[in-house]
Amino acid sequence: MPDSSFVIVGGGLAGAKAAEALRREGYDGALTLVGAEKHLPYERPPLSKGYLAGTSAREEMDVHDWEWYADHRVKLIMGASVADVAPADHAVTLDDGRPLRYDKLLLATGSRPRTFSMAGSGASGVQTLRNVEDSERISAAIKTGARVALIGGGWIGMEIAANAKEAGSEVTVLEAGALPLGVLGPELAQVFLDLHREHGVEFHLDARISEITTTDARTTGVRLADGTHVEADLVLVGIGALPNVELAVDAGLMVDDGVLVDEALQTSDPDICAVGDIANHLHPVLGRRVRVEHWANALNQPTAAAATMLGRRTPYTELPYFFTDQYDLGMEYVGHAPPGSYSRVATRGDVERREFVAFWLDDQNRVVAGMNVNVWDVVDEVKALIRSGSSVDPARLTDPDVPLAEVAQA
């Protein structure tokens with residue numbers, strides 16, 4: 001396809017991996033990647049992990065260096081946004097008015113932090129985390145003696161809480177739910193609550209925020225609806241993310257909690273695919289639509305999307321996966337078990353010592369998700385249990401003397 005033109009909108013991991021996959025799959029036409037940030041495309045997990053903690057270097061996050069893009073004839077337009085997508089004309093328009101024609105288009109526009117508007121929310125010292133600059137500001141602020149208040153006890157909030165505590169900060173988490181990490185359900189969320197409390201993190205659960213208090217336009221803390229005032233020099237808002245679907249909406253694509261894509265990541269327009277945070281994917285293994293804001297989707301979905309763009313429709317079958325490191329706890333999670341979608345949680349190993357594997361089971365005792373905590377080299381076995389779709393004996397599943405590979409064989 002030497003005379004064709006493909007355009008990738010999104011300068012993150014997904015965009016970079018899509019460019020890589022297209023060249024690897026043999027696409028030899030014009031290839032342009034448009035990114036809103038001025039940086040080379042980079043991976044975001046280190047922003048709340050190693051880069052925030054100062055244990056990994058900035059260049060380690062880059063997906064490729066400048067030379068790679070030049071060698072593979074990928075035109076980078078960084079520090080620019082796409083203002084309009086016109087499917088009928090097969091063209092996009094940049095925010096400076098430049099038009100780009102495309103034969104195939106990939107949307108990898110990612111997500112943005114969810115924010116709220118209340119008294120004090122615009123003060124200096126109130127921060128969200130999405131990009132390199134955010135991570136650097138937070139890293140500089142979480143020093144010994146600093147007072148940090150985290151609004152929201154999700155994955156970003158809890159990872160920052162751990163890093164801030166280890167940097168010597170006084171840390172308070174303000175969570176609207178009964179437990180942090182409510183996505184895990186009460187059985188496993190308690191493990192993380194106990195972990196953080198043991199390290200000295202304070203929690204206000206079922207908390208309702210009244211205002212962010214300020215002096216001279218700088219935050220001094222957070223006031224709760226019950227009158228409690230949590231003093232803070234840094235207020236980190238981590239209340240979730242919103243998919244950047246505005247371009248898709250304006251282009252007339254089907255959108256519902258993200259851009260609707262089929263098994264092969266194709267949108268309602270056959271010449272447009274979508275990947276990453278924005279893709280509400282009809283997952284062929286799980287048998288339902290799934291939209292997850294996980295690093296693994298940005299890493300792996302572009303390979304299937306690239307093949308689909310080249311006319312070789314390829315279903316994306318990888319299971320959702322994410323990981324976290326907090327203090328001395330390392331965890332991997334695979335599958336998809338949002339609250340209300342499972343019947344019970346079973347564990348094998350020692351939960352109190354935080355060395356265990358947890359399994360989410362549906363009403364037919366089929367494993368729909370698994371999480372290994374400080375237990376390694378079991379992800380493939382957990383994936384196999386999920387993919388099998390077989391009912392398992394919970395007694396065998398939770399018995400550490402029964403190899404995971406043999407659980408479904410009985």
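This is a predicted model: local features need pLDDT of at least 70, side-chain atom pairs count only at pLDDT 80 or more; totals for chains, interfaces and linings use all residues.
Residues are numbered from 1 along each chain as its sequence is written, and side-chain values use heavy atoms, with hydrogens and water left out.

Let's begin with the sheet. Five strands form an open sheet with parallel pairing, in the order β3-β2-β1-β7-β19. (Strands are DSSP runs of E, at least two residues, and helices are runs of H or I, at least four, numbered from the N terminus; two strands pair if DSSP finds at least two bridges between them.) At the edges sit β3 (74–78) and β19 (272–274), each pairing on one side only. Between β2 (residues 30–35) and β3 there are five bridges, and T32 has K75 as its bridge partner in β3.

Now the hairpin. β4 (residues 82–86) and β5 (residues 91–94) pair in the antiparallel sense over four bridges, with V85 opposite V92. Four residues lie between these strands, and H90 takes a positive phi near 50 degrees.

Finally, how many cavities of 30 Å³ or more does a search of the whole structure find? One. (A cavity is a set of points on a 1 Å grid over the protein atoms alone where a 1.4 Å probe fits but cannot get out; lining residues have an atom within 4 Å of a point.) Its lining includes H281, N297 and Y316. Strand β20 gives the most to that lining, with three residues.

Technical notes: On a 1 Å grid over the protein atoms alone, a cavity is a set of points where a 1.4 Å probe fits but cannot get out, and a pocket is an open set with protein on both sides within 12 Å along at least five of seven lines; lining residues have an atom within 4 Å of a point. Grid points are joined across faces, edges and corners, and a volume is the space filled by probe spheres set on the points.
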